[in-house]
Structures are given as structure tokens and as C-alpha cells.
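Trainee: Please take a close look at the helix packing here and follow it through to the aromatic side chains.

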Amino acid sequence: MQNPLLHLWASAPENVPLRCPDPPPGVQNADLNGFFAADSVSAAYSAVGYLSLLIVVLAVVSCYQATRTSLGPPFVKRWWIFEVGSSIACGLAALLVLYFWPTQADAASCQQYLVAFRATLPFGLILSRAVAGFVWAMLAFLIVSLILTQVAGRVPWAGGFFHNRGCPWPRFNPFME
Amino acid sequence: MPTDLTTYGPSSAGTLNFLAVGGSGIRTVVPLLHLCAAGLGPRKLHIVMVDPDVTNPATSNASGLIEQYQETRKLVGQHEAPHTYFRTDVTSRPVWSPIVDGTDKVGKSFADRVDRSLMDSLTSTAGTADLSTLCDLLFAAKYQRMDLSMGFRGVPPIGTVFMNRLREETFFKDLLNAASADANSVFFAAGSVFGGTGAAALPVIGRALVDGLPPTQSRARIDGVQSQRVGAALLLPFFTLPAGADKAPDGGPRPQAALFAQNAAAAIPTYVDGMSRYGALYVLGDDEPREQRVNAVGGKLQDNRPDYIELFAALAALDFACRGGAGGDRPVFFYTAVDSGKGAQRKSVSWPDLPLSDASVLRLKGAFVAAHTFLRLFRPNGNAQPDLSRLLKGVTWVDRLGMRSRDFDANAAALDRVGNYFMAMWKWLAELRTTQPPLELVRAGAQPLEVRPGETLDGMRTIGKVNDVFEIMRHWNEAAYSRTGTGQSSLWEVMRTGSERFVHSRLADAQGTTEE
């Protein structure tokens with residue numbers, strides 16, 4: 001999935017280079033540069049995107065609904081804790097999912113392996129996606145909070161979205177106590 | 001059945017004219033005002049205080065609180081808010097001293113005030129020897145020397161001499177005239193029947209109100225009020241005095257605690273047989289009277305502590321007003337028994353002991369929660385809150401009321417007044433906790449900031465932990481949503497209904513049943 005709304009600058013790349021495994025002993029030295037299978041990389045990124053979305057939505061709902069307070073400094077502090085917490089969770093989720101996802105090499109991209117085999121994405125790529133996930137979650141938490149407080153939060157039945165509808169707007173200052 | 005003070009019916013929508021008589025009676029003004037501030041009073045309350053001892057702290061405290069209430073009400077703009085805090089329009093007149101007769105007499109003794117020397121001089125010119133002899137016969141020399149500005153000191157006959165001047169007072173004629181114009185108005189007097197001023201004044205006031213004023217050369221007769229519109233709270237000996245010197249500094253008598261019960265027993269028949277004309281009587285007492293700290297004759301030193309009996313007397317006045325009067329040719333009596341135990345087993349008087357309907361209790365509890373919330377957030381311990389507009393920025397109930405948080409800075413004067421008033425209420429509640437038996441309604445033993453939100457009310461526990469005042473404001477948000485009004489005039493109604501919702505849904509009595 002290439003949607004930049006989910007991945008910012010770190011959408012799933014195509015033709016991710018892969019260093020092919022060393023050939024078995026006795027086999028003539030072959031080309032060591034291959035590629036990841038694009039569909040497996042895309043699936044890994046999609047999983048990260050949807051998981052991040054789920055994390056943010058759950059974090060927003062928990063932040064607003066799993067409390068008995070209404071808007072005041074304690075809630076603003078809580079909102080920022082959930083904001084940063086969900087961002088860290090999304091960054092970590094990207095790291096773990098991309099690292100452990102069964103991404104595969106493109107079949108026949110390594111001359112000595114004619115079938116796809118399991119390969120871990122390069123760490124630099126994973127780290128880039130994790131950073132993007134962190135930033136994305138920061139923005140997504142803010143936007144989802146805004147939408148739910150300003151739309152659903154108009155009626156008391158919306159619970160915490162109603163009682164705290166002034167956060168993040170107009171109450172956004174984390175340093176006010 | 002306890003009266004519901006939250007719903008004054010149309011027949012009881014008139015003015016409650018409250019006559020606070022003597023030191024004990026005047027002390028009931030304070031709880032009466034606090035009940036009005038809590039939204040349990042009638043639409044109009046007119047207070048008349050009667051006491052020769054105008055320097056008594058009870059008088060100055062009551063006068064000060066009346067002024068504070070009036071100023072607060074004016075600033076919070078409650079003229080159009082019929083159901084909420086400070087809803088009662090309170091008016092008053094300066095304390096009426098029966099020993100002041102409008103002449104230039106300077107002496108304060110009984111002899112001076114009745115022109116005893118004039119009686120002597122008239123004896124030789126007009127043959128009025130009988131008058132001076134009669135005066136000496138009825139009033140011993142020690143009574144004639146009494147400084148009356150210190151009160152009547154448990155000697156009702158002295159007070160009765162002066163109390164009949166009430167009938168000549170312009171304000172009393174105005175009261176009767178206003179009563180004929182406002183058929184729903186009621187009159188209620190409160191005072192002790194075991195001391196001096198109250199015992200002397202209560203029968204006179206009842207008769208003067210019901211009998212009206214006879215015609216004179218300058219005016220026609222002024223009709224009295226039907227007896228069912230005139231009630232009284234009779235305070236039986238609810239305190240004693242510590243042993244003191246036999247005589248007062250002026251050589252006159254001191255109030256004798258040993259005679260209190262005897263005085264009360266002698267006075268009761270006057271009320272029982274209807275001679276005092278009251279339609280309804282609320283008789284209040286305590287079987288273990290509390291000893292006052294000092295035995296002061298009167299004046300500034302007579303600074304007695306508040307007592308729960310005074311709150312019950314104020315509740316009696318509101319009960320009578322809410323009923324629109326009661327009784328008839330023969331007085332009806334209202335009884336409420338409070339079992340607070342005896343001796344070492346004596347326990348506190350608390351919420352279940354109040355003779356109030358469930359709705360009235362909820363109103364009162366909500367008011368105390370609102371006051372506490374106010375004293376934690378809006379005016380911490382009664383002091384300024386420079387961050388208030390920032391704290392309330394974006395708050396749902398503020399938004400629903402169409403207000404901006406900076407409006408609270410613009411209305412700082414009104415909030416200051418309310419804060420000061422609520423602090424006065426808090427201190428009164430704190431003092432009541434120190435009496436014997438203590439009246440434990442609010443945990444006011446500490447400053448408001450030291451009492452956790454949700455732990456305001458005595459004998460109540462929270463359902464789930466309440467961490468901050470903003471949890472209480474969830475209920476204010478819902479109250480604001482239910483309202484159509486906006487602006488500051490709706491603020492107090494939101495505060496009231498929201499705080500009552502909080503009490504209803506988040507507090508349970510200590511025994512475990514939820515508040516209903």
C-alpha cells in the first residue's frame with residue numbers, strides 16, 4: 001500500500017535491494033544482488049499502517065473515555081501522555097512488524113535461488129518507517145481527537161469527547177498547570 | 001412530613017418577614033441567610049432584628065452577613081433566577097432597639113429610660129406619687145440601675161416595659177400595611193423564652209401582629225394579620241453559662257443559668273393557650289444544654305458560638321413560609337426529635353437528622369459541594385485565582401453557556417463576593433463542628449483546599465475515587481447541555497443542578513446506600 005496518508009515519506013518502496021545469500025560451497029560465485037518481492041513488502045507496510053491506525057484510534061478512545069475527569073490541566077496532561085505514548089507505540093509497532101514480517105526475496109532475483117525465500121528488510125528502511133510512524137501517530141492522534149471532539153463531542157452521550165471537547169482545541173498547552 | 005423547600009407553592013410565594021428577637025434569635029439569621037444562599041429560601045425575605053444590645057457580636061455578625069448576602073446577590077444578578085443560589089431577595093432594616101425612643105435621653109439605665117426622676121418631680125406637682133411608688137415596688141433598685149444597652153439579662157419584665165413601643169414604630173406600621181397588600185406574606189419570630197429580650201418580646205410581637213394597631217388621632221386603625229400567617233420558633237434552654245460573678249459590672253443582675261429552665265416553664269403556658277396569638281409554634285431545645293465559653297452580660301464580650309439549634313430555628317422559619325402559614329385560633333405545634341444520645345455516648349447531628357425532604361437535602365448537599373468546588377478552583381480558600389481564565393479555557397460548560405473564559409476575569413468582582421460569602425459559610429460550618437453535639441454536615445474542619453473533592457460532605461463516601469474538581473464539572477457540563485439559557489445568569493443554575501447531579505450519582509451515604 002503506497003498511501004502517503006498512512007506512511008508519510010516512508011511508503012513501501014519498490015525494488016528493495018537484497019543481498020543474496022552466499023552460494024553453497026562448490027557453486028560458482030554468482031550475483032549477490034537481488035530484490036525483495038514487492039507484494040510481501042507492500043503487505044508488511046500495509047500491516048504497519050493499519051496497526052498504527054488501530055493504535056491511534058484505541059489510544060484516542062481510551063484517552064477520552066477511560067477517565068471520569070472533564071477538561072482541565074489533568075486532562076490536558078493526560079492527552080499529551082496518550083499522544084506521545086501512542087506515537088511511541090506506533091514507532092515500535094513499525095519496527096517490530098517490519099522486522100518480523102515474513103518478507104521474501106523476489107523469486108529468481110538471486111541466480112542460485114529460483115524460489116522465493118525469507119529475508120528481513122534492511123534495518124535502515126525499517127528505522128525510517130518507524131520514525132515516520134512516530135510522526136504520523138502524532139498527527140493522527142491530533143486529527144482523530146479533533147474530529148471526534150468537534151463532531152461526536154457535541155452531545156453528552158459521547159461521554160469523554162463531550163466533557164473534554166475543548167482539548168485539543170482550544171486547549172492545547174501542555175505546560176499550563 | 002418534611003417540607004420540600006425547593007418548591008415554594010404559589011400560596012407561599014409572599015414575603016417571609018423574619019423577626020429575630022434577642023441574642024439567640026438574631027443568631028438564627030446567619031443560618032437562615034446561608035439556607036437562602038443555598039437556594040432553599042423564599043423569593044423574598046425581610047429581616048427585622050430586635051435587641052437593645054446593639055453592640056453584641058451576634059448583631060454585628062448578622063448585620064454584616066446580611067450586607068454581604070445583598071452585595072453578593074446584586075453582583076451575581078440573581079433577580080431572574082428563581083431556583084438557584086442567592087435566589088432570595090433579602091431586605092432588612094437597622095436593628096431596632098426597644099430602649100431607644102427617639103428622645104434625647106442619654107442615660108442607659110432602666111431608671112433613666114423610664115424617666116424615673118420625672119416621676120419624682122411630678123409627685124410634688126401633679127400628685128402622681130402612686131406612679132413612682134409603683135415603679136419602685138415592681139422594680140428593685142438593682143433593676144433600675146441596669147445598663148439596658150447590655151440587654152435585658154434574663155429579666156423579661158424589664159423588657160416588656162419597652163417592647164410595647166413596637167406598636168408606635170413606623171416600621172411596624174409599614175409591616176402591617178405591607179401584609180394587608182401582600183396576602184401571601186407570612187411573619188415568623190425567633191427568640192429564646194428563657195432569657196430577657198426574647199422572652200419579653202415574643203408574646204408582644206405575636207399579639208401586636210395579630211391584633212393590629214388601634215386608631216389614634218392621627219391615623220385609622222391598622223388591621224392585624226391572621227394568626228395562621230404568624231409563627232414562631234421558641235428556643236428552650238439550649239445553653240448554660242459558666243459560673244461568673246454574682247453581679248454585672250454595673251451592679252445589675254446577670255443572667256442566671258439556673259433559672260433558665262424555670263423561666264421557660266413559666267413562659268410556655270402563654271404560648272400554649274394562644275395568648276401570644278401565634279398560629280404555629282416550633283419549640284426547639286436540647287436535653288443537654290451546652291455551656292458557653294464565657295458568661296458575659298452583654299456587649300462585645302458576649303460572643304457565643306453557633307449552635308445547631310439555630311439552624312433548626314432557621315429551618316422552622318422556612319418550613320412555615322413554605323407552608324404559607326399554619327394553625328389558627330389555637331396554635332399548632334411542630335416537633336422534630338433529634339436523638340443524639342446522652343453523655344459520653346453523645347453523637348453528632350448530621351444529615352439524617354435534618355427535618356427536610358429528600359429534594360431539599362439534595363439541594364443543600366449540592367450547594368455545599370458547589371461552594372467547596374468554588375473555593376477550590378474559582379477562589380482558592382477565598383483568595384484570588386489569577387489563572388482562572390486559563391484553567392477554564394475550552395471547558396464544555398463554559399462553552400455551552402456561550403461564555404469565554406476571560407469573562408470570568410471581567411466578572412472578578414462578582415466572583416470575589418461569592419468567594420467571600422462561601423468562605424463565611426465554610427467558617428460557620430466549621431464552627432458548628434466544634435459545638436456539643438457537633439453538627440457534622442460538611443468536613444469544614446480544614447481549609448477548603450485541604451479537603452479533597454468529593455469528600456466535602458460528612459457521612460458520605462464517593463462511588464469511585466474523585467481526583468479533582470474537574471470530575472465534578474462533568475456534571476456541570478451535562479447541566480449546561482440541558483439548559484437553553486446562556487451567560488452569567490445561567491452559570492449559577494448550571495453550578496446548582498450540576499453539583500446536585502454529582503451528589504446524586506457519585507456520592508453514597510457511609511452505610512452504603514446511594515443517594516436518592
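Mentor: In this predicted model, α2(A) passes α3(A) in a right-handed crossing; a crossing is right-handed if the near helix is turned clockwise from the far one by less than a right angle, and left-handed if anticlockwise. Helix α2 of chain A spans residues 38-65 and helix α3 of chain A residues 73-100, with axes 9 Å apart at an angle of about 160°. Helices (H or I, at least four residues) and strands (E, at least two) are DSSP runs, numbered from the N terminus. Axes are lines fitted to C-alpha atoms, for helices over the stretch in contact, and angles run from 0 to 180 degrees between N-to-C directions. α2(A) and α3(A) are therefore roughly antiparallel (over 145 degrees; under 35 is roughly parallel, 65 to 115 roughly perpendicular, the rest oblique). Residues of α2(A), including A:Tyr45, A:Leu51 and A:Ile55, meet residues of α3(A), among them A:Phe75, A:Trp79 and A:Phe82, where contact means heavy atoms within 4.5 Å.

In chain B, helix α2 (residues 29-37) and α17(B) cross at roughly 125°, their axes coming within 11 Å, and are therefore oblique to each other. This crossing of α2(B) and α17(B) is left-handed.

B:Tyr69 and B:Tyr421 form an edge-to-face pair, because their ring centres lie 6.0 Å apart and their planes stand at 75°. This pair joins helix α3 (residues 57-76) of chain B, which holds B:Tyr69, to helix α17 (residues 412-432) of chain B, which holds B:Tyr421, across 352 residues. B:Tyr69 counts as buried at 0% relative accessibility, and B:Tyr421 counts as buried at 0% (buried is under 20% relative accessible area, exposed over 50%, partly exposed in between; 1.4 Å probe, protein chains only). Both rings belong to a cluster linked by ring pairs that also includes B:Phe422, B:Trp476 and B:Trp492.

Residues are numbered from 1 along each chain as its sequence is written, and chains are lettered from A and ligands numbered from 1 in the order in which they are written. Local features need pLDDT of at least 70, side-chain atom pairs count only at pLDDT 80 or more, and totals for chains, interfaces and linings use all residues, while side-chain values use heavy atoms, leaving out hydrogens and water.

Note on methods:
Rings of Phe, Tyr and Trp (its six-membered ring) pair if their centres lie within 6.5 Å; planes under 30 degrees apart count as stacked, over 60 as edge-to-face and the rest as tilted.
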